Amino acid sequence: THSPPATAKRVEVVIKVCVSGHDSGPVFEEQPSSLIYPEGLSEGEVVLSCQARASPAASYRWLVNGTEVPLGLDLRFTLVAGNLVISRPESGRDTGSYQCLAINRCGTIISRAANLKFGYLHDFPPDSRSPQTAYEGIGTFLACQPPPHYPALSYRWLLNEFPNFIKKDDGRWFVSQVTGNLYLAKAEPNDTGNYFCFTTINMDISTKSTFSKANQLTVLPEANPKKSAPSIKVRFPAETYALAGHTAQLECFAYGNPVPKLRWKKVDGLMPSKAGSSVAGPTLILPDLSFDDEGVYECEAHNSEGVDVYQGRISVQAQPDWLQVMSDSEVEISSELQWSCVAAGKPRPSIRWLRNGQPLTTQDRVEVNAARLKISNLALEDSGMYQCVAENKHGTIYSTAELRVQVQAPDFRLNPVRKLIPAARGGQVMIECRPRAAPKPSLFWSRGTELLTNSSRVTVTPDGILWITNISRADEGKYTCFAENYLGKANSTGHLSVRDATKITLAPSNADINQGENVTLQCHASHDPTMDLTFTWALNGALLDLEDSTGPYHRIEGKETTGDLLIVNAQLSQAGTYTCAAQTVVDSASVTAKLVVRGPPGPPGGLLVRNVAETSVELRWSRGYDNHSPIGNYVIMGRSSLSSKWKQMRTEPVNIEGNAESAHVIGLVPWMDYEFQVIASNILGSGEPSMPSHTIRTQQLAPSVAPSGLGGGGGDRNELIITWTPMAREYQNGDSFGYILAFRKKDTSSWTEVRIPFVESSRYVYYNATLMPYSPFEVKIKAVNRRGEGPFSQIAVVHSAEEEPTVGPLSINVTALTAFEIQVSWEPVLQPNTNGILRGYEIRYWRQHEREAAADRVRTAGLETTARVSGLRPSTRYHVAVLAYNSAGTGPPSPRSTVTTKKPPPNRPPGNVSWRTDGSWVIVRWDQVKAMHNESAVLGYKVLYKHEGQTVLKVLDREKTSVNLPLPKDNGYVVLEVRSWAEGGDGPAHEIIVSRDSGTGMMVQNKAIVSSHSLHLVICMFLFTIVSAR
């Protein structure tokens, strides 16, 4: 073989050391996530992501269950960028915990674990299910018995056929998402059918559903279904563990007849508002859990027959969460490193440490003490990637940082001594010497050729800082810092330039103002004229922004040596010590002044509620700042759970003096949640309120008022219905609230009492087969709670249900008024026969060839014995009957009567209508209307005269076919209607609009014929006459 020529030779240098300032260790940008893959999907692939930022770029390895993934040996595993791709995944060999390692020459890091699991849902067994029988009114359930599956299922039930799903909003049914069982609170005959349990599994890339064989349910009817108190059959666990930030769901469902209502409460506190409407349903849903949601929760099922309750606790736990993590560090060789990691979680997380992906334990120079890592006498091999791992049973989190151990000869290139170092005469100067070097170099200073040592004015600190005090012109010159360690030496030089000192010539004065006033603080200074002078102001050490034109602080423009400050509309927060600083690049001078701002008091503190009674509490507080004006008095504000608005409370004493630190709040509502605030006042106004007190609930007390709105009546036969207005929350005074209802038949002595245990009840139905219709009862009601009974209400008289009247009118008389209207009159029905209060009468009418069942009906609104019925057909024979009615319905009909409506009037308006104005009159003429054989004869004509809201009707006999009518005196107009009238009613009308200047006009059918004596009259006619026909 021949060697290549020398010119073609290439030198390859492989760098295996992490280069400071150039390289960086890996940092994850994307880590693998746990995945559920469908079992049996053999042609697919699983992708577990892993990407890291690094320089040079990272390489990747993968572990499964702590063992290296055989990349390159098993062709099912491939690496794409950093992602692991598993082809044709199988449950038996690929299930496990996967971690990614990202590696470069600076170190190695390991990712969080991602669990690959396989999801499956087998089919239900093919065996038929045993039929079930239930009795009407009794609760029952159908078992789902789901097939083997992973992960958890969601459940629904089908009735008879797809997609007829059981509705969630039907309170009789409940599908448990824990067991999948279908529960029925109270069976009804129409519930008979075939029921199918429908299960669904949701995986990351697919969804699968299957349903069971039919569960046949037969409900046997009962003549009188038995009523039963609630019995809770679906119970949530006695102890439920849930994760913070996740959602907790508790299930509760009860059998009972009537169907029980459900309500939830938190036994040891207020129900979180996040529960929303679920507090009244079978599943309590608490999203985004926090530790405040921990506690005992109670499900109460209630109906008219009783109550059942069940309790269980929610314990909130949490995944680890970082409170403090380490950060990348560059540390000198031979020095010491200390890192700490702090994580929150429940249970408390344990902490372990990794270096380049390997566990780190206490040995030699390394000390691992739970959350603290200490490495002494650092060496180059300690450089690398470190990870802190916090874990509990709910999860694991990683924090990553890079450690670089530095070794270097002294080098001033990145941080030389300042070339020009200005300083003020009489002041002091600090000159830093900070070369890069590892280990730490020895440092010393020289001025020219003179080595500087510590003296009365010159100090060289151990870390190389040179201090010179009481500077004079003689100190000007060149200063050089020398640095040396075992790797080499270096030096850097700067020039010290001495300038005139800055001095305050006019200092601000202390000031005392009221809130809202303006004040100016003066500040003038002298300085070295070769340098710029700037002024800054600080309040209690915090620099003020003088550039914000909308703020309270403004610089007063003037000479360079003037820096006055204007404070506009001063507030309490602007009181304090103001510092004016005059600065040049070499020195500064400052002076302070105090500003006192007097204003309303600050908020009182430490508000406590003590001695909580039924209607009063004691408040204690500590005085807040008086803001330089003595506190005159206090006001107590409060609000209850019924209102978000704060209002002033009644107190003892009524006026709370300014030196007081306690008071009693009186006039509170028992068993009510309250919170309080205290507001202090002085002569300058009222201050901010204190922080609200914690919420308290006043003690319970027996009700003090009776329910209102007592009444009732109506209902079905043999019923007495009593109604009232449910008691508002502020009148209940305690829990276990209900009502005691007392009633007796009027003019009897003994009362019947009924206890009603629900606050929302507003109605009670008493049934007695011997109850006479519309019997008067005296009723009264009172409220009751755990502490006792309240007073009875005033007695109200309520009647039992009415029944239909037993008799109808004895005789009726019917007269045809027109072709379209009849008048009906009848003899009244006597009240004793009405079984209640007679509301009026119902007129039924139907044509001769129709059945009575199809009759039209008209009701009177009172006890009149005459009524008109309109809208009838002309020349038609009608049957008419009258019935009495009350709130229960109608009684028997009267004897029927028969009537024939009159012929209709002519359906044509008068023809050839003409008119003529004559001064203040208008003369209207028309042709007679002739009736046809099927129309009623014309009896005359009606002229309707309308002007400015006034209406006058003139009725003329049939021989008269003209009329004279007055015109308005002004230039207004009149509307005239002319129509015929007959026995059958009024015919259609012609409408004419006439003004004083309209001249003459004529109307034939639908056309107007106008004759006039001059062109002027023709124009007037067109301008002022409007003709229309109806």
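This is a predicted model: local features need pLDDT of at least 70, side-chain atom pairs count only at pLDDT 80 or more; totals for chains, interfaces and linings use all residues.
**View 1. A salt bridge between Lys265 and Glu298.** The side chains of Lys265 and Glu298 form a salt bridge, with a nitrogen-to-oxygen distance of 3.7 Å. Glu298, in contrast, is buried, at 9%.

**View 2. A salt bridge between Arg697 and Asp673.** Here the side chains of Arg697 and Asp673 meet at 2.7 Å, N to O. The two residues lie 24 positions apart in distant parts of the chain: Arg697 in strand β67 (residues 696-697) and Asp673 in strand β65 (residues 673-682). Arg697 is partly exposed, with a relative accessibility of 37%. Asp673 has a relative accessible area of 9% and is buried, because the cut-off for a buried residue is under 20%.

**View 3. A salt bridge between two loops.** Glu803 and Arg717 form a salt bridge in which the closest N and O atoms are 2.8 Å apart. Glu803 is found in the loop between β75 (796-799) and β76 (812-816), and Arg717 in the loop between β68 (711-712) and β69 (719-723). The pair links distant parts of the chain, 86 residues apart. Glu803 counts as buried at 14% relative accessibility, whereas Arg717 counts as partly exposed at 48%.

**View 4. A network of salt bridges.** Four residues, Arg172, Lys186, Glu188 and Asp191, are linked in a network of salt bridges. In the whole structure, a search finds 46 salt bridges.

**View 5. Strand β70 and its pairing partners.** Strand β70 (residues 738-745) is mostly covered, with 7 of its 8 residues buried. Strand β73 (residues 776-785) pairs with β70 in the antiparallel sense over 8 bridges. Within β73, Phe777 stands opposite Lys745. Strand β71 (residues 752-756) also pairs with β70 in the antiparallel sense, over 5 bridges.

**View 6. The hairpin of β70 and β71.** Strands β70 and β71 form a hairpin, with 6 residues between them. Asp747 lies in the turn and has a positive phi of about 70°. Ile740 has Arg755, in β71, as its bridge partner. In a regular strand, side chains alternate between the two faces of the sheet.

Conventions:
Residues are numbered from 1 along each chain as its sequence is written. Side-chain values use heavy atoms; hydrogens and water are left out. Buried means under 20% relative accessible area, exposed over 50%, partly exposed in between (1.4 Å probe, protein chains only). Helices (H or I, at least four residues) and strands (E, at least two) are DSSP runs, numbered from the N terminus. Two strands pair if DSSP finds at least two bridges between them.
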